[in-house]
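Hi everyone, thanks for coming. I'd like to walk you through one chain this morning, so let me put it up on the screen.

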Amino acid sequence: MGEKELEFKTELLKLEEGPSVVSLRKCQLVVVDGPNRGKKVALNRNQLTVGKREDNDLVLTDTTVSRNHIEIKYQQDAFELRDLDSTNGTFINGTRVKEAYLAPGDRIKVGNTTLEFVAFDEKISIEPSARDSFGTLVGRSTKMRQIFSILEKISPTHATVIIEGETGTGKELVARAIHENSQRKGKPFIVFDCSSVAPNLIESELFGHERGSFTGAVKSRRGAFEEATGGTIFLDEIGELTLDLQPKLLRALEQREIKRVGSNVPVKIDVRVVCATNRNLRKEIEEGRFREDLYYRLSVVKISLPSLRERVEDVPPLVERFLQSGKFNLQPDGKLKVTKSTTTRSRCSHATNGRATSGNFRTSSNGPARS
């Protein structure tokens with residue numbers, strides 16, 4: 001993984017006044033017990049070491065800590081801890097480990113010192129892009145151009161992204177735009193709607209199954225993750241994923257492998273994960289319906305899409321786009337019934353009929369077709 005990919009996760013971009021539309025995940029190691037209590041270090045590099053030697057990133061004066069005690073590497077959107085053959089060993093939440101992935105709240109004991117792995121969302125505002133479109137997305141408003149700016153930066157990376165927004169705000173369009181502007185362009189883009197699959201079938205649909213693994217499984221079948229190999233999987237309505245399946249998705253993200261239903265053989269996967277939800281996942285975590293460690297893995301970059309009522313200045317360019325691309329606006333000879341030269345402002349007012357103040361992208365796209 002290149003250095004560029006990590007930079008966007010930790011670098012604070014130029015601030016703009018107004019509500020933030022993007023959150024970036026930040027992580028720290030904090031000394032919570034021992035001689036250096038209160039000392040902390042930001043995990044903003046691909047590799048970091050902890051120990052007594054002065055050349056470590058986090059230097060501890062604890063005499064029971066080895067000179068080079070642990071190493072933490074950032075890879076595949078996760079932090080992996082490795083004990084460097086220390087004298088007194090390394091313990092995470094009371095269990096001795098040689099290697100382990102870190103999750104928020106983990107307590108790491110090295111010698112007589114205890115560290116805590118802390119992860120949090122940092123809300124930032126972004127310098128708006130000079131562009132008024134990104135992929136099929138259109139917008140002149142500051143909020144949308146801020147989103148275009150962050151999409152320009154994160155699309156070429158492998159970072160996991162979660163998109164929040166009301167139903168119909170264009171979350172799938174954002175996911176497709178990320179894919180089409182990534183290194184995986186031309187590879188599969190697989191959409192999996194977590195809310196549209198029966199609970200008893202969702203594991204099979206996601207991870208695949210082997211023949212005879214359940215009633216009706218007459219042949220082996222690849223799941224969505226395998227179908228997306230080399231490309232991007234878009235997990236829509238991730239907040240609907242049941243609690244019993246969340247650990248299996250977490251394992252797939254951490255290990256980069258899945259197991260089909262009815263098989264113990266791991267299958268390596270090479271996919272980028274983009275998720276979307278219309279729920280407040282922080283609230284879902286507080287109420288015990290969503291795992292915090294899974295949220296941590298998904299929210300490397302979090303984008304909050306505004307509803308159309310929050311960006312009414314985008315209605316005219318949206319209507320123009322609908323008129324140019326909508327089949328409803330085609331004559332039998334293929335020419336447009338209504339062209340851009342037609343007075344767009346008056347047609348916008350008629351087509352949306354005030355719905356922009358209470359609707360969203362999907363609602364407004366239906367307006368011109370009815371006008």
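Let's begin with confidence: what is the mean pLDDT of the chain, and what share of its residues reach 70 or more? This is a predicted model, with a mean pLDDT of 86, and 85% of the residues get to 70 or more. Please be careful with residues 1-19, where pLDDT stays under 50. For that stretch the model has 53 contacts beyond four places in sequence.

Now, on to the strands. Have a look at E5, residues 70-75, which runs antiparallel to E6 and is joined to it by 6 bridges. Within that pairing, Tyr 74 sits opposite Phe 79 of E6. The two strands make a hairpin, with 2 residues between them, and Gln 76 in the turn has a positive phi of about 55°.

Which residues touch the most other members of the largest nonpolar core? They are Leu 29, Phe 79, Ile 108, Leu 115, Leu 151 and Ile 303, out of 53 residues in that core. Helix H2, residues 142-154, gives the largest share of this core, with 6 residues. Another core lies apart from it, made of 30 residues that include Cys 194, Phe 207, Phe 225 and Leu 294.

If you zoom in on Ile 108, you'll find that, leaving out residues up to four places away in sequence, its contacts include Leu 29, Ile 70, Leu 81, Phe 91 and Leu 115.

Let me finish with H2. With 13 residues at 1.5 Å a residue, H2 should span 18 Å, and its end C-alpha atoms are 19 Å apart, so the two agree. Among the buried residues of H2 are Met 144, Ile 147, Phe 148, Ile 150, Leu 151 and Ile 154.

One more residue of this helix deserves a look, Gln 146. Is Gln 146 buried or exposed? Its relative accessibility is 2%, and buried means under 20%, so Gln 146 counts as buried. And what does its side chain reach? The side chain of Gln 146 reaches the backbone oxygen of Ile 126, at 3.0 Å.

Thanks, everyone, and over to you.

Technical notes. Residues numbered from 1 in each chain as written. Predicted model: local features only at pLDDT ≥ 70, side-chain atom pairs only at ≥ 80, totals over all residues. Heavy atoms only, no water. pLDDT = per-residue confidence, 0-100. Contact = heavy atoms within 4.5 Å. Pairing = 2+ DSSP bridges. Helix = DSSP H or I, 4+ residues; strand = E, 2+ residues; numbered from the N terminus. Core = buried A, V, L, I, M, F, W, Y, C linked by side-chain atoms within 4.5 Å. Buried < 20%, exposed > 50% of the residue type's maximum accessible area, 1.4 Å probe, protein only. Expected span 1.5 Å × (residues − 1). Polar contact = N/O pair within 3.5 Å; in protein donor to acceptor, adjacent residues only side chain to side chain.
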